[in-house]
Amino acid sequence: MDPGWYPDPFSNGGYIRWWDGERWGASTSVETMAPTTERPGDPVQLPPPATMPPPAPAYGRAGGGGDRAPFPLATWGSRAIARILDLIIEGAVSAPIMLWLIWPAWQKVLDALPQDGSAPPESVMVTFQNDLLGQTLALTLVSAVVGFLYEVPQNVTWGRTIGKRVTGIRIRPLVDDVPLTWSQATIRWGTYALGSALTRGWFAVVDGLWPLWDRPWQQAIHDKTARTIVVPTRR
């Protein structure tokens with residue numbers, strides 16, 4: 001798409017935005033017609049060609065089905081694989097800390113095992129479950145801290161985590177192709193983490209599937225709250 005002023009894909013209409021051939025600019029302008037003084041019956045006078053925006057880019061209804069963005073977006077498969085890889089890495093980091101937190105409760109069970117090899121009394125397992133419940137907050141905090149330290153700094157610095165590096169995708173703001181701010185990266189991570197914690201993981205499932213039907217930007221829910229999109233990495 002050649003450089004020029006195009007209808008703004010980020011607004012509901014009435015605005016134009018500069019496209020430099022690679023990315024959308026930060027400035028917008030109101031799409032207006034030059035004032036005229038023609039009387040009924042006079043020939044219609046169009047504005048000078050320089051003031052008229054070029055034809056709209058390939059944005060909107062495409063081929064009879066669904067909207068599409070004016071530039072390539074990351075595929076759902078690459079996003080899903082990246083998320084799985086990141087979860088594996090986060091789990092590997094947090095697992096030793098979590099095991100250290102629950103070891104005292106497990107040690108009580110081992111100490112209460114009968115010498116004859118029979119099953120421990122029911123009261124021992126009840127105590128074990130209560131001890132685990134008491135550690136729920138600590139375990140949740142460990143998961144949150146590890147997740148934050150793993151994702152947010154990487155997304156601010158490089159726009160991608162290790163998982164996204166492997167699958168060749170990155171995160172960028174919706175409006176312009178610039179690095180994420182700490183606020184955007186934190187809101188993006190926090191939406192996913194808090195939603196997953198409050199719904200026992202169900203939010204993560206819905207959020208992960210959301211790009212399959214979201215148009216035109218194929219955003220997950222946490223992308224919408226942070227106003228970000230995921231695109232292929234420039235090579």
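At what angle do the axes of helix α1 (residues 76–112) and helix α2 (residues 122–134) cross, and within what distance do they come?

Modeller: A caution before the answer: this is a predicted model. Two packed helices are described by the angle between their axes and the distance between the axes. For helix α1, residues 76–112, and helix α2, residues 122–134, the axes cross at roughly 175 degrees and come within 9 Å. Angles over 145 degrees count as roughly antiparallel, and α1 and α2 are therefore roughly antiparallel to each other.

The residues that meet can be listed from each side. Helix α1 contributes Ile102, Ala105, Trp106, Lys108, Val109 and Ala112. Facing them from helix α2 are Val124, Met125, Phe128, Asp131 and Leu132. Sorted by class, this contact of α1 with α2 holds 9 nonpolar and 2 charged residues, and no polar ones. Lys108 in α1 and Asp131 in α2 are among the residues that meet, and Lys and Asp both belong to the charged class.

One residue of the contact can be followed further. Trp106 lies in helix α1. Its relative accessibility is 36%, so Trp106 counts as partly exposed. Between Trp106 and Gln129 there are 9.8 Å in space, taken from C-alpha to C-alpha, while the two are 23 residues apart in sequence.

Helix α5 (residues 182–198) and helix α6 (residues 202–209) have axes 6 Å apart and pack at an angle of about 135 degrees. That angle makes α5 and α6 oblique to each other. On the α5 side the contact is made by Thr191, Tyr192, Gly195 and Ser196, and on the α6 side by Phe203, Ala204 and Asp207. By class, the contact of α5 with α6 has 3 nonpolar residues, 3 polar and 1 charged.

As for the setting, the protein chain has 7 helices and 7 strands. Read from the N terminus, the order of elements is β-β-β-β-β-α-α-α-α-β-α-α-α-β. The chain has 235 residues, and 34% of them count as buried. Among contacts with a separation of 6 or more, 57% come from residues 24 or more positions apart. The accessible surface of the chain is about 14,400 Å², and carbon and sulfur atoms account for 64% of that surface.

How values were computed: Residues numbered from 1 in each chain as written. Predicted model: local features only at pLDDT ≥ 70, side-chain atom pairs only at ≥ 80, totals over all residues. Heavy atoms only, no water. Axes fitted to C-alpha atoms, helices over the stretch in contact; angles between N-to-C directions. Helix = DSSP H or I, 4+ residues; strand = E, 2+ residues; numbered from the N terminus. Parallel < 35°, antiparallel > 145°, perpendicular 65-115°, else oblique. Contact = heavy atoms within 4.5 Å. Buried < 20%, exposed > 50% of the residue type's maximum accessible area, 1.4 Å probe, protein only. Areas by Shrake-Rupley, 256 points an atom, 1.4 Å probe, with all protein chains shown as cover.
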